[in-house]
Amino acid sequence: MLIKRKEDIASSEITPESLYFNRREFIRAASAFGVGLAARSIFPESLMAQDKWPKGKKGPYDTDEEVNSYKDITTYNNFYEFGTDKSDPSQNSGRFKPKPWTVKVEGEVKKPATYNLEDFIKPYKLEDRIYRMRCVEGWSLVIPWRGIPLADVIKKLEPTSKAKYVAFETIFRPDEMEGQRRPYLNWPYVEGLRMDEAMNPLTFLAVGLYGKELPNQNGAPIRLVTPWKYGFKGIKSIVKIRFVEKEPPTTWNISAPNEYGFYSNVNPDVDHPRWSQKTERRIGEFLKRKTLMFNGYAEQVASMYAGMDLKKNY
Amino acid sequence: MTRSQLIKWVYKPIVFIVCLGPLAWLSWNALNDNLSANPIDDITKETGIWTLRFLMITLTVTPLRKISGWSQLSRFRRMVGLYAFFYGCLHFTTYIYLDKFFDLDEILKDIAKRPFITIGFAAFSIMVPLAITSTDRITKWVGGKRWQILHRLVYVSAICGVIHYLWLVKADTRRPLTYGAILAVLLGYRLWDYLRPRIARARAFSRETSILDSSQKDMPTV
């Protein structure tokens, strides 16, 4: 067989992961010190990542499927701000500076304000969530995120009764994000959720991955995770959260409205106009597996779409 | 060694081995786990892109021969053309085996339903009769003129290949459009090359007739 199965050689044996991280951490710390922006990490030093996620107690929303390696999760990315190849984000995001970071909250909300990321996160306890991630292109990963449920944040921000949707915006920094110098998407990247979707207990704001700070290529320093929707709904490097009354525009919908809808729920019965969504390739597996309705999260989310024509509201 | 022998025993084997380079590179990286986290996708894309590249190289042979005047170049045309077919076979096999796992029903549905698969399949299918009729014996049997007409189908295959690539990408169309531009130049050259002598003849003809006209005018009336 041409392709080596993952079990044959753990990638941790090929690249000593601890060395790799030490080096990365050193570079990050050194550069932060150099520019005098040594913001305190929101992660304790002791949390060292390992290539394999340890098997342990699982939370109520965690999948017990095998977690993908740190290497897979951080080298196979779609983050068009850094280029359109899967390897571009990990290769081209070195210059991106996720610190210091502010998140602006505006719109139909009682406390519009701009927060330092540390202050924005501080009130909440960080949780680990092991979620499946299904890309609209037909591949999937199992990722251990670390972060906070969006619902907790929204409750604290107190949106007004007019707030029916939440809109998100990615930072626009063409100097650091070379993909933004090309107009293949409408920059800055924008996404949105209906309020009930935003308040769903699955909806997550990730600031970490594998127990570590979120790497640049995965959407540092803060990103959205909606595991029952296609991956592109998980907007990365968020700088703006706006509560609005009307359905907000979303980047991929602007790019190709007949291919990417506002909802973009994982649905094996609604094909992408150009390819089938019935199956997916789990990274690390040889054969394709069947795609599950709502990416296997129907129990938690299906009721939100009761009575809706999901073929129309793709 | 004569020049002809040199081509047969030295240059051709070199080109043959060089053309295996992309496959060797891909196999090496696959076996050493140097591809991305999704190696099957990498294999699909690499074999596809090399099919298109070899088609472009094949279509470059004739213009290059005409421009450079090095007539021996055409002796390499069949080999690179067959390499396009070879990489096309690998690409198609990757699709039916690694993507669809020989699910014939699904494959047929895919071909019928998905325009980018349909056109990719067309690009590949067109190459099949061209590969079959590429041996000396069959070429002779088909006959030069007919063979040439048949093998012009390679233009259609290349156009289908570029469209297949274009319909596949999500947002960044720069790369397929680059291939489209290269193909446009290669086919444009052929059109120009076809029209040039005809235009020249037409011009010469109109010049002659106008000379005739004017000479008639100048003729003294008797």
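User: Before we dig into this predicted model: what does "buried" mean here?

Analyst: Buried means under 20% relative accessible area, with exposed being over 50% and partly exposed in between.

User: OK, so why does A:Glu169 count as buried?

Analyst: A:Glu169 has 16% relative accessibility. The cut-off is under 20%, so A:Glu169 counts as buried. You'll find A:Glu169 in strand β5 of chain A, residues 165-170.

User: What does A:Glu169 touch, leaving out residues up to four places away in sequence?

Analyst: Its contacts include A:Pro188, A:Tyr189, A:Val190, A:Ile235 and A:Arg242. Contact here means heavy atoms within 4.5 Å.

User: Over to chain B. How do you know what span to expect for α9(B)?

Analyst: The expected span is 1.5 Å times one less than the number of residues. α9(B) has 14 residues, and 20 Å is expected. From first C-alpha to last, α9(B) reaches 20 Å, close to that expectation. Among the buried residues of α9(B) are B:Val154, B:Cys160 and B:Tyr165.

User: Which residues lie nearest the centre of the second largest pocket?

Analyst: B:Thr62, B:Arg77, B:Trp147, B:His151 and B:Val154 do, out of 36 lining residues. That pocket's volume is about 1,100 Å³, and α9 of chain B is one of the helices that supply at least two lining residues each. The lining splits into 17 nonpolar, eight polar and eleven charged residues.

User: And what makes something a cavity rather than a pocket?

Analyst: A 1.4 Å probe fits in a cavity but cannot get out, whereas a pocket is open.

How values were computed
Residues are numbered from 1 along each chain as its sequence is written. Chains are lettered from A and ligands numbered from 1 in the order in which they are written. This is a predicted model: local features need pLDDT of at least 70, side-chain atom pairs count only at pLDDT 80 or more; totals for chains, interfaces and linings use all residues. Side-chain values use heavy atoms; hydrogens and water are left out. On a 1 Å grid over the protein atoms alone, a cavity is a set of points where a 1.4 Å probe fits but cannot get out, and a pocket is an open set with protein on both sides within 12 Å along at least five of seven lines; lining residues have an atom within 4 Å of a point. Grid points are joined across faces, edges and corners, and a volume is the space filled by probe spheres set on the points. Helices (H or I, at least four residues) and strands (E, at least two) are DSSP runs, numbered from the N terminus. Ala, Val, Leu, Ile, Met, Phe, Trp, Tyr, Cys and Pro count as nonpolar, Asp, Glu, Lys and Arg as charged, and the others, Gly among them, as polar. Buried means under 20% relative accessible area, exposed over 50%, partly exposed in between (1.4 Å probe, protein chains only).
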